[in-house]
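Please open the model in a viewer and keep a selection tool at hand. The tour moves from one group of side chains to the next.

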Amino acid sequence: MKIIVNHIGYIPDGKKKVIVQLDKADDRLDEFCVNNAAGERIYTGKLSYSGKVANWHTGYYLYGDFSDLHKEGRYYITAGSLRSPEFVISEGIPRIMLNAVGCYFKTQRDSGEWALEDTHLKFKGDRQGCVDVHGGWYDASGDLGIHLSHLSHSSYYNPQQMSFSGYAFFKAYDFMGRSHDEQTTLLRRRYLDEGYWGADFLMRMRAPSGSFLKSINRIDSLATVSGSRAIGFEYRQSSSQFSEKAATADIETVTDENYETGLRSGGGLAIATLAAAARHFYPASEHTQKEYIEAAMSAWGYLKRNNERYLNDGKWNLVDEYCALIASTELYITTGEYEYLRDARDFSGRIAARARWIEKA
């Protein structure tokens, strides 16, 4: 039995929920109390029974709401004999979260022996060549692979890890706005640093075709680094990613396009990232603003014409169009060129048409 709160904290005017986890269904509690750091009870609320979570084996749950508590400070919650960890209510929570996200991504940077290996990677399978693709962020704490996307044998489920992450840092930098507040200024600088880390990696992942390479694969997290990494490919019709034992392995011919991205598998957001990088200046970046925008414009021109070649089903869908809308919008914001505004209007119209079709259906 325990009380679960948001360990980052809550903003004064935001929603504030508390969860109570029970071992047994009949371990009912009716109310909870919010106490300040001095131990004074300042708020009492009702607990509602929610029951089990499907396919979880962690017990039964109650929930409560204390959104009416707005005063900033440090608190803890009690319910029966249970006590929660301390938490804060503060206007500074968004900045705390942004700082935590930035710190996490920096720890996930490709570095050390992995980065050294990635300076001269070969291709898995029959594709020839060796490329320098060091940089980027590891896929997850247990996955030292690096992916613009994977699962692109799926028409819609394309996670777009690397390309979306790079783009998000630039957008967050813009959304934070210009501020003379010292902490916000430093945070924006860190986000710009992380954004260019992603942009410089995407510059290395450009393919001679005009698209982008899709993935750096690794055998497993504990494998010897040397020789265990390669540029990977995906079978287009298989649910067994990166495997010669996949369902289509004996009937599908792997070409250069299996190693590269379409708009929905990372290419669109990679273009958006490079276009955003061209609007800013950071002395530690590896390229000029001109080089970033030229790369973005070149990739956009190529993928807009050839996107179908990189798709598992060869057909544009909503994800392609949405990624194309983001890419063309960022290109227009950076260049002011009418052709990108026209493209953005075209793709927004296609998305709206899909929405109208769904409404009629």
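Select Tyr10, Phe32, Tyr43, Phe66, Tyr75 and Phe87: in this predicted model, ring pairs join these residues into a cluster.

Next, display Tyr76 together with Arg83, which lies over the face of the Tyr76 ring at 3.6 Å from the ring centre.

The aromatic pairs come to a count of 22. One of them is formed by Trp114 and Tyr138, edge-to-face with 6.2 Å between centres and 70° between planes. Trp114 belongs to helix 2 (residues 112-117), whereas Tyr138 sits in the loop between strand 11 (130-131) and strand 12 (146-147), 24 residues apart. Is Tyr138 buried or exposed? Tyr138 is buried, its relative accessible area being 10%; Trp114, at 23%, counts as partly exposed.

Then select Phe233 and Tyr259, an edge-to-face pair at 5.4 Å centre to centre and 65° between the planes. Both residues lie in the loop between strand 14 (229-232) and helix 5, so the pair ties together parts 26 residues apart in sequence. Phe233 and Tyr259 are both buried.

Finally, turn to the largest nonpolar core, of 59 residues, in which Phe201, Ile271, Leu274 and Trp300 touch the most other members. Elements giving two or more residues to this core include helix 3 (161-176), helix 4 (182-204) and helix 8 (338-360). Apart from it lies another core of 20 residues, among them Val18, Tyr43, Leu62 and Leu69. Around Trp300, contacts beyond four places in sequence include Leu263, Ile271, Leu331 and Phe347.

Note on methods:
Residues are numbered from 1 along each chain as its sequence is written. This is a predicted model: local features need pLDDT of at least 70, side-chain atom pairs count only at pLDDT 80 or more; totals for chains, interfaces and linings use all residues. Side-chain values use heavy atoms; hydrogens and water are left out. A nonpolar core is a set of buried Ala, Val, Leu, Ile, Met, Phe, Trp, Tyr and Cys residues joined through side-chain atoms within 4.5 Å. Buried means under 20% relative accessible area, exposed over 50%, partly exposed in between (1.4 Å probe, protein chains only). Helices (H or I, at least four residues) and strands (E, at least two) are DSSP runs, numbered from the N terminus. Contact means heavy atoms within 4.5 Å. Rings of Phe, Tyr and Trp (its six-membered ring) pair if their centres lie within 6.5 Å; planes under 30 degrees apart count as stacked, over 60 as edge-to-face and the rest as tilted. A charge sits over a ring if NZ of Lys or CZ of Arg is within 6 Å of the ring centre and within 35 degrees of the ring normal.
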